[in-house]
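Me: I have a model open on my screen and would like to learn how to read its features. Could you walk me through a few of them?

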Amino acid sequence: GIDWMFQDGDYGYRKFYAGIDTVVMGRKSWQVACSFEDNPFAGKRVIVFSRKLKQSPGAEIACGNVRAFVRKLHRTKGRNIWLLGGAKLVRDFVAANLIDDFIISVHPILIGQGIPLFLKHMRDTKLKLKGAKAFKSGLVQLTYTRA
């Protein structure tokens, strides 16, 4: 679940969202998003990686090699991609060296269980800090680029 995430402010989301044209995520993240509203990410191209889903209203379904997928996506509309999640999908994108920027929001909450952001067996990736912003709520947003 995402009930632990701060929802008391924008935290730069509107500006970020205006700058993307494609949202890529895993099946479980998509199902969570759909539980909040019928048409999440309206106005954006939505691509869901899944081996189980064959179709889903409001989204394209993809599976297979992420490197080939991104190469194909860059030939069409979709240059500003938000990789929203699934930890397995993030691992695959990191392994293929396909993530340019990481925006990590650290919430001042210790969670005892759940799915980690980064899975074991992920390759080491050196990052360079682009910026850090602290909010009154205690949330800190870190922005990195690949070194």
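Reply: Happy to! Let's start with a strand pair: β5 and strand β7 (residues 140-146) run antiparallel to each other, joined over six bridges. Strands here are DSSP runs of E with at least two residues, helices are runs of H or I with at least four, and both are numbered from the N terminus. Two strands pair if DSSP finds at least two bridges between them. Before we go on, this is a predicted model, where local features need pLDDT of at least 70 and side-chain atom pairs pLDDT 80 or more, while totals for chains, interfaces and linings use all residues. Residues are numbered from 1 along each chain as its sequence is written, and side-chain values use heavy atoms, leaving out hydrogens and water.

Me: Which residue stands opposite Asp101?

Reply: In general, strands of a sheet pair through backbone hydrogen bonds, either parallel or antiparallel. Here, Asp101 faces Thr145 in β7.

Me: In what order do the three strands of the open sheet come?

Reply: The order is β5-β7-β6, with antiparallel pairing. β5 and β6 (127-134) have a single partner strand each, so one side of each lacks a neighbour in the sheet.

Me: How do I read an aromatic pair?

Reply: A pair of aromatic rings is described by the distance of the centres and the angle of the planes. Rings of Phe, Tyr and Trp (its six-membered ring) pair if their centres lie within 6.5 Å; planes under 30 degrees apart are stacked, over 60 edge-to-face, and the rest tilted. This structure holds eight such pairs. Tyr13 belongs to helix α1 (residues 13-18) and Trp82 to strand β4 (residues 81-85), so the pair ties together parts 69 residues apart in sequence.

Me: Are Tyr13 and Trp82 buried or exposed?

Reply: Buried means under 20% relative accessible area, exposed over 50%, and partly exposed in between (1.4 Å probe, protein chains only). Tyr13 is partly exposed at 36%, whereas Trp82 is buried at 17%. The rings of Tyr17 and Trp82 are also edge-to-face, because their centres are 6.5 Å apart and their planes at 85°.

Me: Which residues do ring pairs link into a cluster?

Reply: The cluster joins Tyr13, Phe16, Tyr17, Phe41 and Trp82.
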